[in-house]
Amino acid sequence: MKRFLILISLFFFSINIIGNNRLSDLYVMKPLENGHLYFVLPFNIPSITSKTRSVSVDITSLTCSDSVTVNMSVWKKTEIETDSIIFRSDRNFVIHDYQTFFIEKDEKLWLHRYSIRMLFKDLKYLYSAPKSFRIQVYSKDQLMEYEYTSRLWSKEGNNICQVLRIIESNKKLFRRNNK
C-alpha cells in the first residue's frame, strides 16, 4: 500500500512538473491582418519591501511593432499617487511612458492598474540577464519594490524569456515576409 501511494504521488508530481513547463500555457497568440498579437498571461513578481501582495504583470506584443505593452496591477492598503516606475537591472530603465488605467477599491485593498510602453528589445534584455531585475514603483510617500527570488527567477524568468524568444522569432519572420 505504501508503494502504491508513493507511485501515485510521483505520478501527480510529474504531471504537475510537465504541465507547468509548457510554454504554450503561458501565452495566447491571435492572428491579425497585420501580423500576430501575443498576450503573455498574468504572472506574479513578489514584493520585497513589505508583506503586501505581489505585483501582477501581463505582456502584450504585436509582431508588426518594435514596442511592447507591460500591464501591472499593484495592490495597496491605501490609494497612492504614482510618480514613476523604474525597471532596474545592471542598467536602469526609467519608464516615463506609463498610464494609470484605473484605481479601484475592494473590501480591503486598493488596486492600481498601470500600462507601460517599452521597446521589445529592452524587455527581452531584462529577462535575458543572469540575475533578476527589480520593479520600483515610486509615489510621494513610499517606494514599492518587486523582484523574483533566485529560485523563481531560474524557473519563471527563464520561461518568460523563452516566450519572448518565440515572439522575437515571429517578429523577424513577419518582417522578412512583409518586405
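Mentor: Let's begin with pairing: two strands pair if DSSP finds at least two bridges between them. Strands (E, at least two residues) and helices (H or I, at least four) are DSSP runs, numbered from the N terminus. By that rule strand E7 (residues 98-105) and strand E8 (residues 110-119) run antiparallel, joined by seven bridges. Before we go on, this is a predicted model, so to speak: local features need pLDDT of at least 70 and side-chain atom pairs count only at pLDDT 80 or more, while totals for chains, interfaces and linings use all residues. Residues are numbered from 1 along each chain as its sequence is written, and side-chain values use heavy atoms, with hydrogens and water left out.

Back to that pair of strands. E7 and E8 form a hairpin, with four residues between them, and Gln99 stands opposite Ser115 in E8.

Val70 sits in strand E4 (residues 67-76). Its relative accessible area is 1%, so Val70 is buried (under 20% relative accessible area is buried, over 50% exposed, and in between partly exposed, with a 1.4 Å probe and protein chains only). Take Leu123: 53 residues separate Leu123 from Val70 in sequence, yet their C-alpha atoms are 9.0 Å apart. Across the protein, 59% of contacts between residues at least 6 apart in sequence join residues at least 24 apart. As for burial, 41% of the 179 residues are buried.

Phe87 stands opposite Phe93 in E6, where four bridges join strand E5 (residues 82-88) to E6 in an antiparallel run. That pairing belongs to an open, antiparallel sheet of four strands in the order E6-E5-E9-E10. Its edge strands, E6 (92-95) and E10 (143-147), each pair on one side only.

A salt bridge here is a side-chain nitrogen of Lys or Arg within 4 Å of a carboxyl oxygen of Asp or Glu, and the structure holds seven. In one of them the side chains of Lys124 and Glu168 meet at 3.4 Å, N to O. Lys124 lies in helix H2 (residues 120-128) and Glu168 in helix H3, so this pair ties together parts 44 residues apart in sequence. Lys124 counts as buried at 18% relative accessibility, whereas Glu168, at 23%, counts as partly exposed.

Asp66 and Arg175 meet through their side chains in a salt bridge (2.5 Å, N to O). Asp66 lies in the loop between strand E3 (55-62) and E4, and Arg175 in helix H3 (residues 150-177), so the pair ties together parts that are 109 residues apart in sequence. Arg175 counts as partly exposed, at 39% relative accessibility.

Methods:
Contact = heavy atoms within 4.5 Å.
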